[in-house]
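This report describes a helix pair and a strand hairpin in a predicted model. The sequence and structure are shown first.

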Amino acid sequence: MKKKTNKDIEEKNRELAIQAAVAIHEQRGEDIIILDLRKLVDYADFFVIASASSLSRIRGIARNVERVLAKSGGKRLNQPARETIWVLADFGDVLVHLFDREAREFYRLEDLWSDAPTVEWRDRVKDAPPPGPVEYDDYDDEEDDDFDNEDYSDDLDADVDDIDADSIPDDDDSDESDESDDDAETSGNG
C-alpha cells in the first residue's frame, strides 16, 4: 500500500475545495472564490468563500456542500449553525465560508487574505460566471425588476373618507340575500 504524501493530501484538499465551489454554484451561490492558503497559514489549505441572497439559501448551500464532499471523503467537523449571516463549514484543511450579501461586504474575507492566490474552478461547470466580483443587482430574486421600482406613494395618499361605501360591490350579487339579511336584523330587534 502506497503511503500518501503531503502533495497527495494537498491535491485532495484542492479537489475538495473545487467540488465545494461547484456545489455552491449548483445552489445559486454568488461571487464564489477559492483562496489557496498553503503558503500563508498552517491551519488550512483552502478557503472557499461565497455569498447568498438569504439565510435559507445559505443553509441549503451548506447542506449541498456537505453532501457533495461526503461522497469524496470530506467530513464536516463542526455543527451547522441555525440562523446566521455567516456559516463556516469546516472540512479540516478546507474551510467553506458562506455569507449573506451584507455580511460578505462587511467582513471582506478575501481582502484580508489578498496575498493568497486563487484557484480556478469555473472550468468544471458550463454556466459558471466569469471571474471577478459579482454585481449583486445581477442576482435579483424578483422576477419583475420593474415592480420594485414602481412609485406607489400616490396610492397611499388616498383619503379613506372620500370612498363612497355604496360604490363598493358586495361579494354576493343577489339582491334577495341582502333583503333576507335586513329582515333578520329587523326581526331580532322587534
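Helices α1 and α2 cross with right-handed geometry. Their axes approach within 9 Å, at a crossing angle of roughly 140 degrees. That angle makes α1 oblique to α2, since angles over 145 degrees would be needed to count as roughly antiparallel. On the α1 side, the residues that meet α2 are L16, Q19, A20, A23, I24 and E26. Their partners in α2 are I61, N64, V65, V68 and L69. Sorted by class, this contact has 8 nonpolar, 2 polar and 1 charged residues.

The elements discussed here span these residues:

| Element | Residues |
|---|---|
| Helix α1 | residues 6-26 |
| Helix α2 | residues 55-71 |
| Strand β3 | residues 86-90 |
| Strand β4 | residues 94-100 |

Strands β3 and β4 run antiparallel and are joined by 5 bridges. Within this pairing, W86 stands opposite F99 in β4. The hairpin has 3 residues between the strands, and G92 there takes a positive phi near 80 degrees.

Apart from neighbours within four places in sequence, A89 is in contact with R76, N78, V94, L95 and V96. The C-alpha atom of A89 is separated by 9.6 Å from that of V48, which is 41 residues away along the chain.

Definitions and conventions
Residues are numbered from 1 along each chain as its sequence is written. This is a predicted model: local features need pLDDT of at least 70, side-chain atom pairs count only at pLDDT 80 or more; totals for chains, interfaces and linings use all residues. Side-chain values use heavy atoms; hydrogens and water are left out. Axes are lines fitted to C-alpha atoms, for helices over the stretch in contact, and angles run from 0 to 180 degrees between N-to-C directions. Helices (H or I, at least four residues) and strands (E, at least two) are DSSP runs, numbered from the N terminus. Angles under 35 degrees count as roughly parallel, over 145 as roughly antiparallel, 65 to 115 as roughly perpendicular and the rest as oblique. A crossing is left-handed if the near helix is turned anticlockwise from the far one by less than a right angle, and right-handed if clockwise. Contact means heavy atoms within 4.5 Å. Ala, Val, Leu, Ile, Met, Phe, Trp, Tyr, Cys and Pro count as nonpolar, Asp, Glu, Lys and Arg as charged, and the others, Gly among them, as polar. Buried means under 20% relative accessible area, exposed over 50%, partly exposed in between (1.4 Å probe, protein chains only). Two strands pair if DSSP finds at least two bridges between them.
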